[in-house]
Number of protein chains: 2
Amino acid sequence: MSFQEKLQQLVERVEGGIACVLMGSDGLTIDSYHLADDQTPFDPATFGIECTGLLQQISTITQRTRFGDPLEFVIRSEHHTAIFRFLTEEYFILLLLTPDGNAGKGRYLLRTASSSLREELFT
Amino acid sequence: MSFQEKLQQLVERVEGGIACVLMGSDGLTIDSYHLADDQTPFDPATFGIECTGLLQQISTITQRTRFGDPLEFVIRSEHHTAIFRFLTEEYFILLLLTPDGNAGKGRYLLRTASSSLREELFT
């Protein structure tokens, strides 16, 4: 199964799924899937690129303050929920949901997909 | 009820609560409460200060990308869960939990406490 098929499956399996983006911490998008009928002016891939710096800073802060290695972080607004899952120091995955989407299931699916994505990124 | 009593109540009402910090976006702590029996080397107030820059960047990014005004963000590691709730552009509240703490209840309590904290900050 291609990266895009996996991202599509993640979006389709979670209630309220809008888009999924697989990215490098250098800000380059490896692959993405975005529901065709999402007509909002918000662009998930651009949002992911803009957030790349945040992920690097979170890694630095969590190590310096003994918070522990970051596994995920979530940003919520009235319009969107964004779940970022750290795959390695170099890669992360972003799942975007509607505000009433099933974030618990989204987090679960990202966690379980992480190991197979990680394996594929390094083979 | 003082700020510290409110922060203590938040920590004590949620399973796995460790600490709660009320902060300005300038990095100054207004008040905090930390469970006396938490003996880990991690310091919640220092973590809050270190994250101040992140919150400002999240505000900028979410506005620029049309994600919507940020309400909260959450960082999880193997050792801690940190829930940040934006009160205004100038203030936020941070609730720290153990990784198996009840984050759903923590988010609910922060949301419901927000309006009374906001009122007190401006009176």
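**Two-fold symmetric pairing of chains A and B**

In this predicted model, chain B can be laid on chain A with an RMSD of 0.0 Å by a turn of 180° and a shift of 0.0 Å along the axis, the copies being superposed by least squares on the C-alpha atoms of residues with pLDDT of at least 70 in both. This is the relation of a two-fold axis. Among the residues of chain B, B:Val74 comes closest to the rotation axis, with its C-alpha at 2.5 Å. The same surface serves both copies, as 100% of the contact residues of chain B recur in chain A.

Residues are numbered from 1 along each chain as its sequence is written, and chains are lettered from A in the order in which they are written. Local features need pLDDT of at least 70, side-chain atom pairs count only at pLDDT 80 or more, and totals for chains, interfaces and linings use all residues, while side-chain values use heavy atoms, with hydrogens and water left out.

At the interface, 31 residues of chain B are in contact with 31 residues of chain A, contact meaning heavy atoms within 4.5 Å. The two chains bury about 2,800 Å² between them, 66% of it on carbon and sulfur atoms; buried area is the accessible area (1.4 Å probe) that two parts lose on being put together, summed over both. In chain B, the residues that lose the most area to chain A are B:Glu50, B:Phe67 and B:Arg76, together 26% of what that side buries.

Four salt bridges are found across the interface, each defined by a side-chain nitrogen of Lys or Arg within 4 Å of a carboxyl oxygen of Asp or Glu. One of these joins the side chains of B:Glu72 and A:Arg76 (2.5 Å, N to O). The elements of chain B that give two or more residues to the side touching chain A are α2 (44-64), β3 (70-77) and β4 (81-86), helices (H or I, at least four residues) and strands (E, at least two) being DSSP runs numbered from the N terminus. With nine residues, α2(B) gives the most to that side.

The β3 strands of the two chains also pair with each other. Strand β3 (residues 70-77) of chain A and β3(B) run in the antiparallel sense over seven bridges, where pairing requires that DSSP find at least two bridges between the strands. Within this pairing, B:Glu72 is the bridge partner of A:Arg76, and the side chains of these residues also meet in the salt bridge described above.
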